[in-house]
Amino acid sequence: MSSTSLTPTRSRGAFKDRVFWAVEFIGAQFLGRCATLASILAILWATAILAIRPTSWTRPVRQVLARQLMFTCVDAAFVGVRFGAAVGVLIIVQAALWIDALGITTDIIMPILWKAIVRELAPLLACLVVIGRSGIAISTELATMVVGGEVEVLDAQGIDPMTCLVMPRIISVVVSVFCLAIIIATSMVVTGYAIGWGMDAIRDSWSTFLDGIVSQFNSLDLLFFVPKTIIAGAFAGAICCIDGLNVRGTMTDVPRVSSRSGIRALTAVFAVSAVLSVLIYGRLLVFKIM
């Protein structure tokens, strides 16, 4: 058989190999994501079960929760205020530009900004603050304990690492994201009004401005704000704990695991926000799907 007759057969064989490799790669990635999601849901379910058992809340566990809340929520309150103030200034500047460009009034633009703050910006900023300050620190702390053998010592002493290490940290992350989102939203509204009033972009009194915001608050805002902060915070806390406990190697591998944990937690937060937006609003971008 001549070489010219073998060329099309070899090309078809190479094309099939590439197709099989692509299908195998996509399948492996899909199964890997499913396994990761299953492990996250499993650890969140275990956390919920342990949290409702009174016997889980021993004195050491309560102390771990208190310290974690102090570091993750209380110490981050001023950071949340600064974040909210900075973003509030950016929002009011953009609002002033829209008012001038479109010729609309504050009565039209303020409800849109309020919904954007409550439904999107405040929960996302709260997650960013918690992951940046505490999520990576949690992953680093747990990874250091694993490499140093402290987790094995706890297990040998009959102390459940899930109860004393993971459960209080995930709960503290959830509570902190929820509280910081409220602080950030309040800071954004107050700063936005102060800057807008100073720039003469807002001419209403504070009471009128606040009444207008309260009148725009509806049950859909609460329906979106609560699950978005709680579910996103739970996923972020679970990912940081899982990555920290699954570290393998030496102490030099801890920084690499911690940085990867922060990226994975941020990715999960944005993915959860997108999924909740689709489920609650029934839209994928501008397309109505329900």
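Is Ile-170 buried or exposed? I put this first in my notebook. The model I am reading is predicted.

**Entry 1: Ile-170**

I looked up where Ile-170 sits, and found it in helix H6. Its relative accessible area is 2%. Buried means under 20%, so Ile-170 counts as buried.

Next I asked which residues Ile-170 touches, leaving out residues up to four places away in sequence. I noted Ile-43, Leu-44 and Thr-47. I also noted Ala-234, Gly-237, Ala-238 and Cys-241.

I then checked one of these partners, Cys-241. Ile-170 and Cys-241 are 71 residues apart in sequence. In space, their C-alpha atoms are 7.9 Å apart.

**Entry 2: the whole chain**

I stepped back to the protein chain. How many helices and strands does it have? I wrote down nine helices and two strands. Reading from the N terminus, I get α-α-α-α-α-α-α-α-α-β-β.

The chain has 290 residues, and 40% of them count as buried.

**Entry 3: H2 against H6**

I went back to H6, this time with helix H2. H2 covers residues 59-74, and H6 covers residues 161-198. At what angle do they pack? I noted about 35°, with the axes 8 Å apart. The crossing is right-handed.

I listed who meets whom. From H2 I have Val-61, Val-64, Leu-65, Gln-68, Leu-69, Thr-72 and Cys-73. On the H6 side, I noted several residues, among them Thr-163, Cys-164, Met-167, Ile-171, Val-175 and Leu-180. Arg-169 of H6 is also in this contact. By class, the contact has 12 nonpolar, five polar and one charged residues.

**Entry 4: Ser-273**

My last stop was Ser-273. I found it in helix H9, which spans residues 254-281. Is Ser-273 buried or exposed? Its relative accessible area is 5%. The cut-off for buried is under 20%, so I marked Ser-273 as buried.

Where does its side chain point a polar atom? I found a polar side-chain atom of Ser-273 2.9 Å from the backbone oxygen of Val-269. Leaving out residues up to four places away in sequence, Ser-273 touches Leu-124 and Lys-228.

Definitions and conventions. Residues are numbered from 1 along each chain as its sequence is written. This is a predicted model: local features need pLDDT of at least 70, side-chain atom pairs count only at pLDDT 80 or more; totals for chains, interfaces and linings use all residues. Side-chain values use heavy atoms; hydrogens and water are left out. Helices (H or I, at least four residues) and strands (E, at least two) are DSSP runs, numbered from the N terminus. Buried means under 20% relative accessible area, exposed over 50%, partly exposed in between (1.4 Å probe, protein chains only). A polar contact is a pair of N or O atoms within 3.5 Å; within protein, one must be able to donate a hydrogen and the other to accept it, and residues adjacent in sequence count only if both atoms are side-chain atoms. Contact means heavy atoms within 4.5 Å. Axes are lines fitted to C-alpha atoms, for helices over the stretch in contact, and angles run from 0 to 180 degrees between N-to-C directions. A crossing is left-handed if the near helix is turned anticlockwise from the far one by less than a right angle, and right-handed if clockwise. Ala, Val, Leu, Ile, Met, Phe, Trp, Tyr, Cys and Pro count as nonpolar, Asp, Glu, Lys and Arg as charged, and the others, Gly among them, as polar.
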